[in-house]
Amino acid sequence: MESKYDLEKRAKDLIESNPTAAVAIYRRLWNEFPNDFNEWDAFFSIKALRAASCDDLEWAMELVNRYNNEKINGLFAWLVYDLCIKNLPKSEILSHEELIVSLVKLSPQKNLKQDASYPCPTTISILKLIDAHSENQFNANRINDLLDSLNVNYLSDLNHSINTEDRGWVELASDLEKYYAVKTKALLKMEHYSSCKLLCEEALNRLNKFHYDNDLWFHMRIAICNERLGNFEESKDQFESILSTKKGSDKWFIYKDLSELYCDQGDYVKAWEYAVSATFSSNEPQYMINLYILQIKILNKLERIDEGRILAELIAATIKDQQWRVKDSYARMFIHYGIDLDLIGNTGKYLREAKTFWANERYRGVPKICGEIVFVHNNGKVGKIKDTQERIISFHRKNFMNKSRNIAELMGATVEFYAMTGFDGNLAAENITVTSVRQRIADEGVGQTYVGTVKNVVDFGIFVRIGKQTDGLLHKSKLPHDIRGSFRERFRQGDSIKVEVTAVTEKGIQLGLLQ
């Protein structure tokens, strides 16, 4: 019979090379030498279980309960993470909740604020469990309890990144920021408005860096809490302050929240204005149902009941396309407007009608003006228009009525648009229609050759000035293969270049390179 020493040595040697065999030997030690089995045997047993990805958590828990020291419990916490958290679907993580929560006492949270050089399995596991509870149905009460089990002062405020297959390196919020983001969301849903407001203010004061637009959410929740607490004027000022920022001005849900606030106060004209504005930064219809319901409610209050049919039909089409169950409240609405779901077509038709309706509402009484595109940013998303009064007005690609794949190709085109004043006081062009690109460049003619001047070199090609005031695009796909990868280094602004007009479209002049 092998001695305990011989078995221990053999098991320890096998942990790296054959961990399953090592687990079997440690089980034998546990059974054959119960009185001599010690803390180190327990530690290496759990280490072997981790290496073998063995799910014998019952035995591991026995070891923890018998020896209960920091090293063993810490290793056990990593075993729980490996088997109950790592790479598992959220629904399966929830099935291990009791064991995961037990880590808070078995392996107390590390102070990562003081030393974040090595991660804490308990912190990671609890936060992953919270993610699982956030999936589909946000369980605010349970999430709040789980967050209360963590010491906020021990959480790291360092952002970190992970390498993903489809998106490459992705930056994640720090544990501290995640705590505040999820905790304030839970408190808001639980209607603990004073506590939520205070915690949002604490987050804004305590966090030095925010992941994407998380600071916007804290400001929004403060505004919502003030509204719920009856501080209406303060809430309105806060919402409007958010909308005056660049990152807040295109968030449809902020316009919606502000619309609801005015609606609750009985100012339905203002509520309608913001409800319409929400649609100009909106998402896909399936995410906008509550906004459409709000708009119908406001139209009813404005005694424009029949106009709500446009939105009711859009809701019906969306529900039908998504194959959702028809709620009783929706069914009553459809009966009111005489809508038969069986006769409703696809969402696209009703969305187009709704967009026309929203545009008429937004631009009623606003004159349409003319101008020329005088600048397009290299990112191909934004630019400037000079109107007939010599004003320079900003625009965004999303505001073109006929979507252009590349607005850079519209450089120099004449356009018609509405100039709308934003919360920041600056004008922005909306509902932009290209009116005369084809006419301006018709004289250039396909097949004409020019010695032009390089005006700008961008990632997708070269803008060339030909004639007196006309620009064309020499797309990189039209360049010889041997210079496609180096054309940005080869051509410089101001260089002479010989080109041929290969096409004239509403998007602009397309050029080819002549050697």
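Residues are numbered from 1 along each chain as its sequence is written. Because the model is predicted, local features need pLDDT of at least 70 and side-chain atom pairs count only at pLDDT 80 or more, while totals for chains, interfaces and linings use all residues; side-chain values use heavy atoms, with hydrogens and water left out.

Two packed helices are described by the angle between their axes and the distance between the axes. For α3 and α5, the axes come within 9 Å and cross at roughly 15°. Axes here are lines fitted to C-alpha atoms, for helices over the stretch in contact, and angles run from 0 to 180 degrees between N-to-C directions. The helices themselves are DSSP runs (H or I, at least four residues), as are the strands (E, at least two), numbered from the N terminus. The two helices are therefore roughly parallel, a label for angles under 35 degrees, with over 145 counted as roughly antiparallel, 65 to 115 as roughly perpendicular and the rest as oblique. On the α3 side, the contact (heavy atoms within 4.5 Å) includes W40, F43 and I46, and on the α5 side it includes L75, F76 and W78. By class, the α3 and α5 contact holds 10 nonpolar, no polar and five charged residues. Ala, Val, Leu, Ile, Met, Phe, Trp, Tyr, Cys and Pro count as nonpolar, Asp, Glu, Lys and Arg as charged, and the others, Gly among them, as polar.

A second pair is formed by α10 (residues 175–189) and α12 (residues 214–228), whose axes come within 11 Å and cross at roughly 25°. That angle makes α10 roughly parallel to α12. The crossing of α10 and α12 is left-handed. Among the residues in this contact are Y180, T184 and L188 of α10 and F218, R221 and I224 of α12. The contact of α10 with α12 comprises six nonpolar, two polar and three charged residues.

Strands count as paired if DSSP finds at least two bridges between them. β8 (residues 449–458) runs antiparallel to β9, with five bridges joining the two, and a hairpin of two residues links them. Within this pairing, V457 stands opposite I462 in β9. β9 also pairs with β10 in the antiparallel sense, over six bridges, and I466 has T470 in β10 as its bridge partner. By contrast, β10 (residues 470–475) and β12 (residues 508–513) pair in the parallel sense over two bridges, with G472 bridged to I509. In β9 (residues 461–466), five of the six residues are buried, where buried means under 20% relative accessible area, exposed over 50%, and partly exposed in between (1.4 Å probe, protein chains only).

Finally, two loop residues deserve a look. Most residues other than glycine have a negative phi. S53, however, has a positive phi of about 50° and lies in the loop between α3 and α4. At 55% relative accessibility, S53 counts as exposed. N87 has a positive phi near 60° and lies in the loop between α5 and α6. With a relative accessible area of 74%, N87 is exposed.

How values were computed:
A crossing is left-handed if the near helix is turned anticlockwise from the far one by less than a right angle, and right-handed if clockwise.
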